[in-house]
Amino acid sequence: MGRLARVVELYYDVLSPYSWLSFEVLCRYQHVWNVDLQLRPSYIAGIMKDSGNRPPAQLPRKALYMVNDLRRLRQHFQVPVQVPEDFFSVVFEKGSLSAMRFLTAVCLECPEMLEKVSRELWMRIWSLNEDITEPQSILTAAEKAGMSAEQAQEILGKISTPRVKNQLKETTEAACNYGAFGLPITVAHVDSQTHMLFGSDRMELLAYLLGIVRNVQAVAVLWCWCVLVPVLPICPLPGLWRSSLAAEVGCRGGSSPSVL
């Protein structure tokens, strides 16, 4: 009997580009790593307020670093992220409340669509420089994700209901209770222990906590390969690294180490 999947929760907001990066990596590896990935739409503004944190873009040096960082990460992760043209209006004036309530409603009503709809909203704001606040913008994203126009309209009509509002509030509070001061956070439940990891650059540590890798060399190889798989799925590892990774990585479902 195979090992039961460990639960990994991703708390995210589509206003956060780093959440998108974590989302894509976890979606790529949830089956390879044998994890039960649970997506948790949250409200980043509420978390920032609760923790007393400030958005990095409000500090000029951090803002400049973020722009350059996202440009590098776009290539590294093979995710088409780019800064919106009117960044400050998008992030600080328009925000993401309607979008995150919509995703919360999707999670409640048709959770099988949550991954695709989340991705389409990220694509609009962080790749296509398009709106995610107006009702028609949200409907367009939902329909592009595969929802029927009727289903999308029905769910949109529920975003102001107490059920949806309370669920988004509860999910955001849960993130705060884990110690969140921003997003994304990844919460791994392993062997009766809970680990909260902040940011999109903790995947090698997550793999270690999940028992996927057990030495430093394997962690390094795995991290490098995380971003190459979607681009070069057949490319073999160098001989020494391949043998080490084969010994140290817990492949699931018959996956070959060469295509981890």
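This is a predicted model: local features need pLDDT of at least 70, side-chain atom pairs count only at pLDDT 80 or more; totals for chains, interfaces and linings use all residues.
Local features here need pLDDT of at least 70, side-chain atom pairs count only at pLDDT 80 or more, and totals for chains, interfaces and linings use all residues. Residues are numbered from 1 along each chain as its sequence is written, and side-chain values use heavy atoms, with hydrogens and water left out.

Me: What is the strand order of the open sheet of four strands?
Reply: Strands are DSSP runs (E, at least two residues; helices are H or I, at least four), numbered from the N terminus. Two of them pair if DSSP finds at least two bridges between them. Pairing in this sheet is mixed, and the order is 2-1-3-4.

Me: Which are the edge strands?
Reply: An edge strand here pairs on one side only. That holds for strand 2 (35-41) and strand 4 (193-198).

Me: Which residue of strand 3 stands opposite Val7?
Reply: Strand 1 (residues 6-12) pairs with strand 3 (residues 185-190) in the antiparallel sense, over five bridges. Opposite Val7 stands His189.

Me: What is the geometry of the Tyr11 and Tyr178 ring pair?
Reply: Rings of Phe, Tyr and Trp (its six-membered ring) pair if their centres lie within 6.5 Å; planes under 30 degrees apart are stacked, over 60 edge-to-face, the rest tilted. By this rule there are 11 aromatic pairs. For Tyr11 and Tyr178 the centres are 5.9 Å apart and the planes stand at 65 degrees, so the pair is edge-to-face.

Me: How many residues apart in sequence are the parts that this pair ties together?
Reply: Tyr11 lies in strand 1. Tyr178 lies in the loop between helix 9 (162-177) and strand 3. The separation is therefore 167 residues.

Me: Is Tyr11 buried or exposed?
Reply: Buried means under 20% relative accessible area, exposed over 50%, partly exposed in between (1.4 Å probe, protein chains only). Tyr178, at 29%, is partly exposed. Tyr11 has 3% relative accessibility, so it counts as buried.

Me: Within what arc do the buried residues of helix 3 fall?
Reply: The buried residues of helix 3 are Ala63, Met66, Asp69, Leu70, Leu73 and Phe77. The arc is that of the directions from the helix axis to the C-beta atoms. Seen down the axis, the buried residues line one face of helix 3, because they fall within an arc of 125 degrees.

Me: Which residue takes a positive phi just after helix 3?
Reply: Helix 3 covers residues 60-77. Just after helix 3, a positive phi of about 60 degrees is taken by Gln78.

Definitions and conventions
The expected span of a helix is 1.5 Å times one less than its number of residues.
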